[in-house]
Amino acid sequence: MAAPLLEVRGLTKRFGGLVALDRVSLTVSQGDTLGLIGPNGAGKTTLFNCVTGLLRPTDGGIRFGVPDRQAGREGQESLIGLAPHQVTQCGIARTFQNIRLFPRMPVLDNVIVGTHLRTQAGFWGAILLTAEVRREERWARERALELLQFVGLADRRDQPAGALPFGLQRRLEIARALAGEPSLLLLDEPAAGLNPVEKQQLLALIGQLKGKGLTIILIEHDMRVVMGICDRVAVLDYGKKIAEGPPQAIQRDPKVIEAYLGTDVAA
Amino acid sequence: MSPLQLFLQQLANGLTLGAIYALIALGYTMVYGVVQLINFAHGEIFMVGAYLALTVALVVTGAPWWLTLTLCGLGAMALCGGLGWMIERAAYRPIRAAPRLNALITAIGMSFVLQNVVMLLYGATDRRFPALWPAIRWQWGGVTVTLTQVLVWGTAALLMVGLQWLVMRTRLGIAMRATSQDLRACALLGIPVNRIIAMTFALGSALAAVGGMLFGGYYGTINFHDGYLTGLKAFTAAVLGGIGNIPGAMVGGIVLGLLEGLGAGYLSSQWKNVFAFVILVLLLLCKPTGLLGERVADRA
Amino acid sequence: MRDRFPFSQASPIGEKGKWSRDSRKLLRWSLGALAMAALPLVHPNPYHLDVLTAALLYALLALGLNLIVGLTGVLHLGYAAFFAIGAYTYGLLNLRAGLAFWPSLVPAAAVAGLFGVGIGLPALRVRGDYLAIVTLGFGEIVRIICTNLEHITGGPNGLLGIAHPTLWLPGRGVVDFSVASAPYYYLTCAAVILAAGLSVRLSRSRIGRAWVAIREDELAASCAGISVLRFKLLAQGCGGAIAGVAGAIFAAKQGTITPDSFDFILSVMVLSMVVLGGLGSIRGAIIGALALGTLPELLRGFEHYRMLLFGLAMILIMRARPQGLFGASEQGAPRGSAAA
């Protein structure tokens, strides 16, 4: 798929004297899986935060191509200055480095929250519980259950999310992100803290998402995950993009090795 | 009185109020700096300090006034410092890990307890505060300055300089500042954070106690209900100067005192109290970091 | 009327049990409601009824504040202001415009709700701790304005001679509530039941989920597509409106309202009831309010120690059972977010 979905151009983010992102440019095409790697502090999460509206870039542009979901809406629109919920409305969903679930809510409800923008029940609808609203609730519940089954958490649907073991919390977060039917998924270190078995399962999961045509950007430190699943890899170091290309080429790029990979590289 | 004289008079009044607010504000700001708690009970500590000074004064008789004054001051400081230490130990420390709402409710509960203990012990009506110093006044170009005011300014200035020295030049002070920046790191480095936090509470309480004594001496009467309103105003002062910022609390207190003094002098004193609240609200809405900028630990 | 969603055939064993559990809950609540309704007929002691009515009024307030603090996690220390606004709205509409009680309910709720939103708009831009202080400030400002605007609000003496409600009953004609206890008891009961029903509906809806998401993790809620500001304002509007209704009932019952009744202590008491009952729990708010609301009467002999014991109770409960009676206990650390 050659159609570019997300275009980042010359993105710069400064925190006072610190330059977290330095004129970073990236393009992610529809259906692609882009790996975003780099040493700690390179600016990867900052990039995510700029795209999702949690941070306002100092300079540069972010354009997102909105698929023809609503009648007549095509072409790209700028994400700069949008609030996070507005960015999500465009069709972008994300997970967080330090898992951010709703701990005192049941697992199922966590995912249902993800459907927030696909439902419309307002104040009066909630009070009067019209047929329309009931239908919507039913749809949201079923969709959430489907997603829980997809990530393998259906049997825990009534447990408080905070009670889940770590690996399952990660999967729940992904389920929540998927609930809104995004066209772009941003995963921030989804494999961090997982044991090898869990990592394999995660790889399989992401592979399935790929198969469904979802566009994914993945921040990861584990090279095996990156190599295994990404079509292209971009490397950040000190806020600058120092390399971009297919995984094998990145592996061999001397700049990247110097900055990050060191000698610990398995094919 | 000429307009200039009126202005200077109100200025003097405002400065006196401001000095007292500053002393109380310091306690709020130091505590917020280390544990991010708005210590609702702090205003009551100020009130307790006033009553303790009164009690000491009733006990110590037949001494020259400056001795009585010193004993009252030290006594109130020591007792309130101990009280602040105990409150932290008993009520706040056990719930330090809990959500902040719990700590706030606990602080509010503690303020009820303190208010009512004082009310039960000393009665609900205004208590006349003993004259701890002679009522000398000086005429200075048509403006009256009393010994009271001079004492308030002098004591407050002395204590504030002392605190600044303590915070900047001593090991305890360095530990306090470090703890307010990153409690966990300090704990990992072996700094006895629990003790530092307790000391912070004690110190703040001691200063508030002196504020209480001066308040009593200035107004001549005290009431168990004084803590609430004055405490709130002092908190406004702390926010005004930048919460967590010690020089800020001093500046904030004086500025607020001046604003209130001038406001009461030139506008109606009925609306005096709305002043403080309106300033507080506007401040928090427009410039929550205050005049000198807040100093609070970065939260993840 | 409860709505149950159809579960697929592949439902685990627990589902069946849940169905009858809900039926049993409904039964319990119905019996409770019946008992409450029968009380004045069985035990017509006007003094006790008055005490209960006061506690029920607290319960109404607690239900309203529960939407703001309990569900959405917005710490509000100035709730008494909305209570006051509702009371003064009815008082002024009645004394100046001759409007009776029943038609004044909607304006009272609306005005209070609008204030809730109006105060919320600037206040919500501010960080959690400061938000609490801003709301406290607003609460006090409202009270002081009521005290000082003599020619509008009657100043410290307040408004006097506010009309009691009248109701047309079949067979009895027009009945004036006047100073009888039972009518207000029923009125407040009905209001509590309505507010509880409203709360249940809201908490189980998309709106309620959005509120709880905001409480649990504002950032994540925002990224999940929830407009945090809008929903917080909605919570404040709803909570304010409920307090407005409570205020109108209060004014109608007392006939006289003074600014002193709407002080910070009241805000704190309602907050304590919500916290005691458990944040977000509807029955917790009601039970917490009934418990703490009747406490002053149970401590009749210990008039002087009342507030002291209340303060001690607050400290001990926060220590012993921080999640309150019916609140969800902390399962995993909540992520840092602005709202306390």
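Helix H1 of chain A (residues 44–51) is largely enclosed by the rest of the structure, because eight of its eight residues are buried (20 or more other C-beta atoms within 10 Å of a residue's own; 12 or fewer make it exposed, anything in between partly exposed, with C-beta atoms placed from the backbone). Helices (H or I, at least four residues) and strands (E, at least two) are DSSP runs, numbered from the N terminus. The buried residues of H1(A) are A:Lys44, A:Thr45, A:Thr46, A:Leu47, A:Phe48, A:Asn49, A:Cys50 and A:Val51. Just after H1(A), a positive phi of about 85° is found at A:Gly53.

The model is predicted, and local features need pLDDT of at least 70, side-chain atom pairs count only at pLDDT 80 or more, and totals for chains, interfaces and linings use all residues. Residues are numbered from 1 along each chain as its sequence is written, and chains are lettered from A and ligands numbered from 1 in the order in which they are written. The predictor gives the complex an ipTM of 0.90 and a pTM of 0.85. For chain C, the average pLDDT (the predictor's confidence in each residue, from 0 to 100) is 83, and 89% of the residues score at least 70. In chain C, pLDDT stays under 50 over residues 1–16, for which the model has 10 contacts beyond four places in sequence. Residues are in contact if their C-beta atoms, placed from the backbone, lie within 7 Å. Over residues 331–340 of chain C, pLDDT also stays under 50, and the model has 36 such contacts there.

Chain B contains 11 helices and four strands. Its radius of gyration (taken over C-alpha atoms) is 19 Å, close to the 19 Å that the globule rule (2.2 Å times the number of residues to the power 0.38) gives for 300 residues, so chain B is as compact as a globular protein of that length. Of the 300 residues of chain B, 50% count as buried.

The contact between chains A and C takes 34 residues from chain A and 29 residues from chain C. Helices H2 (84–90), H3 (107–114), H4 (123–128) and H5 (131–151) of chain A each supply at least two residues of the side that touches chain C.

Between chains C and B, the contact takes 32 residues from chain C and 33 residues from chain B. On the chain C side, the largest share, 11 residues, comes from H5(C).

Key
Contact = placed C-beta atoms within 7 Å.
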